[in-house]
Amino acid sequence: MEIANIHEAKSQLSKLIEHAINGEEVIIAKAGQPMVRLVPIQTDNRPRQGGQWQGRVHIAKDFDSLPPDIAAAFGIDPS
């Protein structure tokens, strides 16, 4: 584990990032108190899979029709 104060972290950020990417725990402290942990972002490269909301979402039968007052507000002929 590497602990760096804020001033050191500013001047050696690239080095600290490399340490974090390589799996080392990097902590940035302020006045000796640990404040944040520097960790690499874990990317998920799996293809997205749909269907989680299947059966839970229903579209109203009048979904595509606009109420006359809303249509008029957009300058659309409501008829």
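**Briefing: salt bridges, a hairpin and surface features**

Glu2 is buried, with a relative accessibility of 12% (buried means under 20% relative accessible area, exposed over 50%, and partly exposed in between, with a 1.4 Å probe and protein chains only). The model is predicted, so local features need pLDDT of at least 70 and side-chain atom pairs count only at pLDDT 80 or more, while totals for chains, interfaces and linings use all residues. Residues are numbered from 1 along each chain as its sequence is written, and side-chain values use heavy atoms, with hydrogens and water left out.

**Salt bridges**

- The structure contains three salt bridges, each a side-chain nitrogen of Lys or Arg within 4 Å of a carboxyl oxygen of Asp or Glu.
- Glu2 is joined to Lys15 in this way, with 3.5 Å between the closest N and O atoms.
- This pair connects distant parts of the chain, since Glu2 belongs to strand β1 (residues 2-5) and Lys15 to helix α2, 13 residues apart; helices (H or I, at least four residues) and strands (E, at least two) are DSSP runs numbered from the N terminus.
- Lys15 is partly exposed, at a relative accessible area of 37%.
- Arg37 forms a salt bridge with Glu25, and their closest N and O atoms are 2.8 Å apart.
- Here too the pair links distant parts of the chain: Arg37 is in strand β3 and Glu25 in the loop between α2 and β2, 12 residues apart.
- Arg37 is exposed, with a relative accessible area of 54%, whereas Glu25 is partly exposed at 31%.
- Asp44 and Arg46 meet through their side chains in a salt bridge of 2.9 Å, N to O, and Arg46 is exposed at 64% relative accessibility.

**The β2–β3 hairpin**

- Strands β2 (residues 26-30) and β3 run antiparallel and are joined by five bridges; two strands pair if DSSP finds at least two bridges between them.
- Two residues separate β2 and β3 in the hairpin, and Ala31 in the turn has a positive phi of about 55 degrees.
- Lys30 stands opposite Gln33 in β3.
- β3 lies largely in the open, because zero of its six residues are buried.

**Helix α2**

- Ile17 is located in helix α2 (residues 13-21) and is partly exposed, with a relative accessible area of 34%.

**Charge over a ring**

- Arg56 lies over the face of Trp53, 4.9 Å from the ring centre; the criterion is NZ of Lys or CZ of Arg within 6 Å of the ring centre and within 35 degrees of the ring normal.
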